[in-house]
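Open the model in your viewer and keep the selection panel at hand. This tour goes stop by stop: what to select, then what is there.

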Amino acid sequence: MVLQFLFMDDNAPCHRTVSAEQLLESEDIERMDWPARSPDLNTIEYVWDFLGRRLAARTLPPVTIRELRLALQDEWAAMPQQLIDSLILSMGRCCETFRC
């Protein structure tokens with residue numbers, strides 16, 4: 001069975017380099033048409049927002065990179081599964097609504 005992938009990116013310049021294009025082509029991975037500058041359509045942006053708000057709400061915010069890494073790992077582990085499930089389920093609607 002051959003897996004078929006559809007690649008979604010945010011049209012950032014790093015995703016549009018010649019090497020990125022060549023890799024996708026060599027692996028026969030189709031790029032999804034996606035509106036430029038549309039972070040609201042990318043569910044990871046909601047995850048980053050959640051983590052940022054949780055870090056900001058801490059009594060003692062992380063100061064060092066090590067503290068930040070540990071705090072992010074703690075908050076990631078504490079992220080409600082319901083939030084993750086709802087973000088996953090919302091992707092189908094987003095993709096259908098904004099398909100170019």
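Start with Arg 58. Its relative accessibility is 26%, so Arg 58 counts as partly exposed. Bear in mind as you go that this is a predicted model.

**Stop 1: the partners of Arg 58**

Arg 58 and Glu 75 form a salt bridge, with the closest N and O atoms 3.0 Å apart. This pair links distant parts of the chain: Arg 58 is in the loop between α2 and α3, Glu 75 is in helix α3, and 17 residues separate them. Is Glu 75 buried or exposed? Glu 75 is buried, because its relative accessible area is 8% and the cut-off for buried is under 20%.

Asp 74 has a relative accessible area of 48%, so it is partly exposed.

Salt bridges with shared partners join Arg 54, Arg 58, Asp 74 and Glu 75 into one network. The structure as a whole holds 6 salt bridges.

**Stop 2: helix α2**

Select residues 43–56, which make up helix α2. The helix has 14 residues. From first C-alpha to last, α2 reaches 20 Å, close to the 20 Å expected at 1.5 Å a residue. Which residues of α2 are buried? They are Thr 43, Val 47, Phe 50, Leu 51 and Leu 55. Turn the view to look down the axis of α2. The buried residues fall within an arc of 130°, so they line one face of the helix.

**Stop 3: the nonpolar core**

Select Val 47, Phe 50, Leu 51, Met 79 and Leu 87. These 5 residues make up the largest nonpolar core. Helix α2 gives the most to this core, with 3 residues. In soluble globular proteins, nonpolar side chains tend to be buried together.

Center on Phe 50. Beyond its neighbours within four places in sequence, Phe 50 is in contact with Glu 75, Met 79, Pro 80 and Leu 83. Met 79 belongs to the core as well.

**Stop 4: Arg 31**

Move to strand β2 and pick Arg 31. Is this residue buried or exposed? Arg 31 is buried, because its relative accessible area is 16% and buried means under 20%.

A salt bridge joins Arg 31 to Glu 21, with the closest N and O atoms 3.0 Å apart. The two sit 10 residues apart and link distant parts of the chain: Arg 31 in strand β2 (residues 30–31), Glu 21 in helix α1 (residues 18–26). Glu 21 has 31% relative accessibility, so it counts as partly exposed.

Last, show what surrounds Arg 31. Leaving out residues up to four places away in sequence, Arg 31 touches Leu 6, Phe 7, Asp 9, His 15, Arg 16, Glu 21 and Leu 24.

Terms used. Residues numbered from 1 in each chain as written. Predicted model: local features only at pLDDT ≥ 70, side-chain atom pairs only at ≥ 80, totals over all residues. Heavy atoms only, no water. Core = buried A, V, L, I, M, F, W, Y, C linked by side-chain atoms within 4.5 Å. Buried < 20%, exposed > 50% of the residue type's maximum accessible area, 1.4 Å probe, protein only. Helix = DSSP H or I, 4+ residues; strand = E, 2+ residues; numbered from the N terminus. Contact = heavy atoms within 4.5 Å. Salt bridge = Lys/Arg side-chain N within 4 Å of Asp/Glu carboxyl O. Expected span 1.5 Å × (residues − 1). Arc of directions from axis to C-beta.
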